[in-house]
Amino acid sequence: MRLSGILSIYIGRSFLMSFLVMFAVFLGVIYLFDTVELMRRASNESIGMGVIIQMGLLKLPNMAQQAFPFAVLFGG
């Protein structure tokens, strides 16, 4: 059985939006916890907040690859 084109576009757009929202939420939470962990590790050294933020951003692409399947799962 073949779905109509309009219904397919609606389902695809709905899935894409929910996936993007879940992916953004996951990345935001991961970045927040990772930055807090980096701040905890650097608390006794003289490292500025800008460096800690940059380090968190540099770790984010690797974490995004690991969070991608979960975003697809929960976005569906």
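1. Ile30 counts as partly exposed at 23% relative accessibility; here buried means under 20% relative accessible area, exposed means over 50%, and partly exposed lies in between, with a 1.4 Å probe and protein chains only. Setting aside neighbours within four places in sequence, Ile30 is in contact with Met63 and Ala67, a contact being heavy atoms within 4.5 Å. Ile30 and Lys59 are 29 residues apart in sequence, and their C-alpha atoms are 9.9 Å apart in space.

2. A word on the ground rules. This is a predicted model, in which local features need pLDDT of at least 70 and side-chain atom pairs count only at pLDDT 80 or more, while totals for chains, interfaces and linings use all residues. Residues are numbered from 1 along each chain as its sequence is written, and side-chain values use heavy atoms, with hydrogens and water left out.

3. Now the overall picture. The protein chain has 2 helices and 0 strands. Its radius of gyration is 18 Å, well over the 11 Å that the globule rule gives for 76 residues, so the chain is more spread out than a compact globule. For reference, the radius is taken over C-alpha atoms, and the rule is 2.2 Å times the number of residues to the power 0.38. Along the principal axes, the C-alpha atoms fill a box of roughly 65 × 15 × 15 Å.

4. Helix H1 covers residues 5-41, which is 37 residues, and spans 53 Å from its first C-alpha to its last, close to the 54 Å expected at 1.5 Å a residue. That expected span is 1.5 Å times one less than the number of residues. The buried residues of H1 are Phe19, Phe23, Leu27, Asp34, Thr35 and Leu38, and helix H2 (49-75) is among what covers them.

5. Which residues make up the largest nonpolar core? The set has 6 residues in all: Phe19, Phe23, Leu27, Leu60, Ala64 and Ala71. A nonpolar core here is a set of buried Ala, Val, Leu, Ile, Met, Phe, Trp, Tyr and Cys residues joined through side-chain atoms within 4.5 Å. H1 and H2 are the elements that give two or more residues to this core. Leu60 has contacts with Leu27 and Tyr31, again leaving aside neighbours within four places in sequence. As background, nonpolar side chains tend to be buried together in soluble globular proteins.

6. Asp34 deserves a look of its own. This residue lies in helix H1 and is buried, with a relative accessible area of 14%. Beyond its neighbours within four places in sequence, Asp34 is in contact with Gly56 and Lys59. The side chains of Asp34 and Lys59 form a salt bridge at 3.1 Å, N to O, defined as a side-chain nitrogen of Lys or Arg within 4 Å of a carboxyl oxygen of Asp or Glu. With Asp34 in helix H1 and Lys59 in helix H2, the pair ties together parts that are 25 residues apart in sequence. Lys59 itself counts as partly exposed, at 37% relative accessibility.

7. How many salt bridges does a search of the whole structure find? There are 3. Together, Glu37, Arg40 and Arg41 are linked in a network of salt bridges. Glu37 and Arg40 are 3 residues apart in helix H1, about one turn, while Arg41 and Glu37 are 4 residues apart in H1, again about one helical turn. An α-helix has 3.6 residues a turn, so residues three or four places apart point the same way. Glu37 is partly exposed at 27%, whereas Arg40 is exposed at 53% and Arg41 is exposed at 55%.

8. Finally, the totals. Of the 76 residues in the protein chain, 18% count as buried. Among contacts with a separation of 6 or more, 71% come from residues 24 or more positions apart. The accessible surface is about 6,000 Å², with 72% of this area belonging to carbon and sulfur atoms; areas come from the Shrake-Rupley method with a 1.4 Å probe, and for residues only the protein chains shown count as cover.
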